[in-house]
Amino acid sequence: ASPSSSSAAAAAEAKKIAAAALKKQEEDVLALTFSKREGMERRSQELKAARKAELENWYKMAKERERQGLNEEAVELATRAANGGLTDAQFFLGAFYANGKGINQDYTQAVKWFKLAAAKNSSDAQYYLALCFANGAGVEKDTSAAYELWLQAAENGQTLSQYCLGACYDKGIGVAQNVKEAIAWYERAAENGNEQAQWRLTDLRSSASAT
């Protein structure tokens, strides 16, 4: 081979080697970037899990303090967990404000915490928030809002809400009166052991048979 052809071949080979080295460098950079991102995501998940465990521990301690009659301590612990966004603690704290346990009774605060928990599908919070709307406690009275909340909770199997929904249809509270719907919801509540629903069903059936 002539010197010129050998030189061209060497140059081509050098170019090929350089290109391969550049590609390897790019692959290494991408791999490192992916590894860092994966590590950050893993760390983020670990921090979230640790935070959730901390909130759940505060809530567990709050319930234990309540059982011991240490309501002020229970409120303090529940407040920490509720401020952290734990749904059960938000409902729990709302109930403390509504009942005035360990803290001055404050329906406005109760409604605030019930709303936060209800928005995250806590059926118990939906039930109690509905009671607040039905009675105008801590919020402007709104029987239609109460009906809608009881409906959400009742459909999720909350027995007291099933009874209240039956009463809404029975008496025309927040919705048009509908005896058929009233009986249907009373039956569901009665099947779940609600005695008031059982008594009202007996009355309605007696009235129906008498006509």
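**Starting from one residue**

Q: Leaving aside neighbours within four places in sequence, which residues is Gln105 in contact with?
A: Gln105 has contacts with Tyr97, Ala98, Asn99 and Gly100 once those neighbours are set aside. Contact here means heavy atoms within 4.5 Å.

Q: Before we go on, how are things numbered, and what sort of model is this?
A: Residues count from 1 along each chain as its sequence is written, and side-chain values use heavy atoms, with hydrogens and water left out. The model is predicted, so local features need pLDDT of at least 70 and side-chain atom pairs count only at pLDDT 80 or more, while totals for chains, interfaces and linings use all residues.

Q: OK, back to Gln105. Where is Gln105 found?
A: Look in the loop between helix H3 (87-99) and helix H4 (107-118). Helices are DSSP runs of H or I with at least four residues, numbered from the N terminus.

Q: What does the side chain of Gln105 reach at 2.7 Å?
A: The backbone oxygen of Ala98. The Gln105 side chain also has a polar contact, at 3.4 Å, with the side chain of Tyr107. A polar contact is a pair of N or O atoms within 3.5 Å; within protein, one must be able to donate a hydrogen and the other to accept it, and residues adjacent in sequence count only if both atoms are side-chain atoms.

Q: Let's switch to Asp170. Is Asp170 buried or exposed?
A: Asp170 counts as buried, because its relative accessibility is 4%. Buried means under 20% relative accessible area, exposed means over 50%, and partly exposed is in between (1.4 Å probe, protein chains only). You'll find Asp170 in helix H7, residues 159-171.

Q: What's the polar contact of the Asp170 side chain?
A: The Asp170 side chain pairs with the side chain of Tyr186 at 2.9 Å. Tyr186 also turns up in the contact list of Asp170, beside Gln177, Ala182, Arg200 and Leu204, if neighbours within four places in sequence are left out.

Q: Next, helix H6. How many residues does H6 have?
A: H6 runs over residues 143-155, so 13 residues, and reaches 18 Å from its first C-alpha to its last, close to the 18 Å expected at 1.5 Å a residue. The expected span is 1.5 Å times one less than the number of residues.

Q: Which residues in H6 are buried?
A: Ala145, Ala146, Tyr147, Leu149, Trp150, Leu151, Ala153 and Ala154. Their cover includes helix H5 (123-135), H7 and helix H8 (179-191).

Q: What about H5: which residues of H5 are buried?
A: Ser123, Ala125, Gln126, Tyr127, Leu129, Ala130, Cys132, Phe133 and Ala134. H3, H4, H6 and H7 are among the elements that cover them. After H5 comes Gly136, with a positive phi near 65°.

Q: Which residue other than glycine has a positive phi near 65°?
A: Asn121 does. Most residues other than glycine have a negative phi. Asn121 sits in the loop between H4 and H5, and Asn121 counts as exposed because its relative accessible area is 57%.

Q: Now Asn194: is Asn194 buried or exposed?
A: Asn194 is buried, since its relative accessible area is 8%. Asn194 lies in the loop between H8 and helix H9 (195-210).

Q: What does Asn194 touch, and what does the side chain of Asn194 reach?
A: Not counting residues up to four places away in sequence, Asn194 touches Thr159, Leu160, Tyr163 and Ala189. The side chain of Asn194 reaches the backbone nitrogen of Gln196 at 3.2 Å.

Q: Last one: which are the buried residues of H2?
A: Ala74, Val75, Leu77, Ala78, Ala81 and Ala82. Just after H2, Gly85 takes a positive phi of about 95°.

How values were computed. Helix = DSSP H or I, 4+ residues; strand = E, 2+ residues; numbered from the N terminus.
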